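Here is a short briefing to read alongside the model. Take a look at the chain below, and then we can walk through a domain, a helix pair and a sheet.

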Amino acid sequence: MKSILITIAFVVVSQSLLFGQTDSTVIQSVPDIKEIRVGDKKVIFPQSPKGYSLVFKGSNREPIIDGSGNITIPLVATNVSLYFELISELSDSIKYDVSKQIMVPGKFSDGGVNPQPFVIPALREWHGGKGNFSLTATSRIVLNTANEKQLQSAARILKQELKDQVGINLSIAKGKPKKGDIFLTLNAKDKSIGEEGYYFNTDEYIAISAVNYQGLFWGTRTLLQLLEQKNVIPKGSARDYPEFKVRGFVLDVGRKFFSLQFLRDYVKFMSYYKLNDFQIHLNDNGFKKYFNDNWSDTYSAFRLENTTYPGLTAKDGSYSKKEFIALQQLADDYAVRIVPEIDAPAHALAFTKVVPEIGSKAYGMDHLDLHNPLSYTVMENIFKEYISGSTPVFTGKAVHIGTDEYAKKDAEAFRAFTDRMIKHVESFGKEVRLWGALTHAKGTTPVKVKDVVMNTWYNGYANPVEMKKLGYKQISTPDGWLYIVPAAGYYYDYLNIKNLYNKWTPSMIGNVQFKPGDPTILGGSFAVWNDIVGNGITEKDVHNRVFPAMQVLSQKMWGGSNTTLKFDDFNALSKKIGEGPSLNIRGKLSRNDAPFTVRLNFDQKDHQIKTRGAVYLEGYSKNALSFSGKDSYASLPYTEIGYNYTISFWINPANNNLDDAVLFRSPNATVKLRQTGTGKLGFSREGYDIDFGYAVPENRWTHIVITGTNKGTSLYVNGKPEKRLYDNWVVFTDKDKTKMRKSETLFFPLQTVGGFKGKLDELQIWNRVLSDNEIRELK
């Protein structure tokens with residue numbers, strides 16, 4: 001990951017920033033494209049200016065005008081950007097980017113009756129019919145008999161998600177659809193929509209048709225998003241497809257472990273927004289200066305089971321090969337590509353700790369010694385373990401080899417390593433991706449270009465124009481736009497989603513703006529880097545940062561600059577769409593953040609509350625739940641509540657509660673009466689033990705209120721503020737005594753209450769933070 005600590009300043013560039021040359025006179029001499037009329041099958045390209053050849057390279061809507069200039073009629077009139085290169089006949093190194101826009105008439109003269117419904121990303125083409133469609137208990141999911149086997153996974157997933165979302169358990173059938181059904185087919189007549197395109201037609205039944213599974217699956221995501229907002233679907237026809245082939249997200253699991261369940265949930269979450277590329281950064285290390293300036297103390301981790309070097313696998317969290325294969329299989333079903341990344345020759349401390357002799361004495365142990373042949377042997381062995389054989393651990397085609405931020409002084413050795421690792425991985429039939437570094441590492445040693453894809457992230461490391469000239473296909477991953485580094489104080493804590501929505505598309509890499517339709521720009525990807533090891537950031541905190549970015553970037557990576565809604569309108573409507581039917585990573589207890597409050601007074605037995613070793617006895621107000629120790633608790637009808645919330649309860653602990661006595665528990669967190677070793681009220685999550693510095697008195701009733709936001713957690717006792725966990729800091733051991741903000745957030749656990757000795761009464765929950773005055777009045 002990118003360890004440059006810089007202040008980001010956006011450079012807004014004009015649309016005239018060109019590939020190679022910038023002679024606007026020559027570009028302006030290219031005539032406009034002849035008007036396209038109804039019935040035209042092919043674009044008539046303009047004549048080349050004298051001394052130049054005008055070469056058509058592609059469009060930003062390939063399903064309307066393909067790479068050969070063939071026209072497929074859209075549903076409604078659509079503006080298409082065509083991209084050309086103007087090449088000098090004297091020297092092919094003199095090239096100009098040329099963009100031309102043309103309106104392609106549609107099948108229909110207008111948008112129809114029903115307005116285009118809102119989904120994320122927006123439908124590319126829509127023609128509205130009349131009226132609405134409703135699912136009923138007699139509706140079915142019907143598979144085209146010719147594609148039955150290919151459609152089974154999509155149908156099974158859709159069946160479960162519809163049950164989760166609308167409470168209807170539809171049967172799966174094959175054959176011809178009837179009124180009220182959902183019909184799935186891969187026999188779309190229009191092949192121009194490509195691998196990810198689909199038709200969504202709603203009339204007497206819903207028909208989702210595509211050429212490939214991936215497009216068909218995206219159509220089911222559109223259906224679910226529509227149903228999440230309303231229980232009826234407007235009749236009409238959509239022809240939908242992405243502008244960019246790669247729509248991705250990069251997650252650094254090397255410096256912060258993320259559970260396998262989180263990764264599986266993220267496959268589904270990304271799929272819901274039609275993002276198709278999940279890059280998992282499997283190894284990395286912290287900064288030595290924060291660890292006593294000692295490499296041995298510096299945190300590092302490699303997250304996969306490894307048998308060649310057993311000591312390589314991280315002890316504080318890893319994935320078995322079986323688990324990682326299953327993750328990729330799940331991703332296949334959800335139309336998402338897992339791209340595993342093993343990063344070397346920098347960011348390599350996890351490898352050098354296991355084989356110390358491959359560590360660089362010149363640049364530090366996080367660099368491989370590229371003059372030691374053993375470095376090559378170790379890295380080739382590691383990759384081979386995951387990509388060789390008939391059933392490799394990395395099941396997909398794409399593998400990322402890292403190659404990021406190596407010492408500039410040894411550029412030639414770095415280039416040789418990069419070239420060798422490309423060829424090594426390719427020799428097992430894989431397609432290679434890497435981080436852009438070849439502007440930083442200038443040299444004469446050749447590095448393979450053909451079929452290699454580059455994440456261009458910082459133009460000082462890999463100038464995108466230079467990389468295009470070399471012939472690399474690029475994934476736009478610009479740090480100044482798309483890097484989240486939680487609570488670090490540099491890059492972004494939360495992305496500037498309004499700026500992204502209004503100004504960015506994957507065609508922009510840093511301050512370089514490529515033309516729409518340029519086929520060398522495959523798409524974009526945003527990233528979370530967990531640079532600051534040990535700062536208390538949790539999976540939930542990361543998701544809180546990713547969720548709003550995912551919604552906006554889904555739109556920008558699918559539709560490019562085509563944002564018909566203003567940002568404020570998009571942002572308001574986006575609140576009605578969540579993570580997908582089977583997910584609640586954000587811990588929401590009400591739909592669309594509608595006001596939610598519940599009071600559990602425990603005055604009498606409640607069928608929603610299941611007790612185990614807990615009894616109803618006299619409490620603060622009438623009865624309370626009484627607990628006798630760690631095996632005495634009650635199950636509540638909730639799992640947890642995420643930001644923002646208020647929890648209020650009365651508690652009367654007995655004498656002699658043990659350390660770690662529990663008040664509330666869920667899979668993600670525990671609230672404790674007596675935090676480990678302190679005897680204070682506190683909570684634990686993801687290996688962090690935090691306390692409020694307050695001990696709850698024994699044998700008397702005390703009113704406790706805990707509030708939580710994405711910034712921290714607060715405690716109120718008997719109506720008064722007791723402790724705010726918002727402004728604590730991690731102080732490092734470097735010479736500057738660097739301070740980084742400490743995250744002491746909490747998703748409040750509600751799956752069980754109890755696990756201590758004593759009584760608890762009058763539990764109340766709100767999905768908002770009450771004011772100090774409101775809390776005071778509760779008592």
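Helices (H or I, at least four residues) and strands (E, at least two) are DSSP runs, numbered from the N terminus. This is a predicted model, where local features need pLDDT of at least 70, side-chain atom pairs count only at pLDDT 80 or more, and totals for chains, interfaces and linings use all residues. Residues are numbered from 1 along each chain as its sequence is written, and side-chain values use heavy atoms, leaving out hydrogens and water.

**Annotated domain**
- An unreviewed UniProt entry lists residues 117–241 as "domain: Beta-hexosaminidase bacterial type N-terminal"; such annotations may be inferred rather than shown by experiment.
- Residues 117–241 are 29% helix and 31% strand, with the end C-alpha atoms 16 Å apart.

**Helix pair**
- The axes (lines fitted to C-alpha atoms over the stretch in contact, with angles from 0 to 180 degrees between N-to-C directions) of H4 (residues 260–272) and H5 (residues 321–333) come within 9 Å and cross at roughly 15°.
- H4 and H5 are therefore roughly parallel to each other, a label for angles under 35 degrees.
- Contact (heavy atoms within 4.5 Å) involves residues including Leu260 and Arg264 of H4 and Glu323 and Leu330 of H5.

**Sheet**
- Seven strands form an open sheet in the order S27-S30-S43-S33-S34-S35-S36, with antiparallel pairing; two strands pair if DSSP finds at least two bridges between them.
- S27 (610–612) and S36 (688–691) stand at the edges with a single partner strand each, so one side of each is left without a neighbour in the sheet.
- S33 (residues 662–666) and S34 (residues 669–672) pair in the antiparallel sense over four bridges.
- Arg665 has Thr670 in S34 as its bridge partner.

Note on methods. Parallel < 35°, antiparallel > 145°, perpendicular 65-115°, else oblique.
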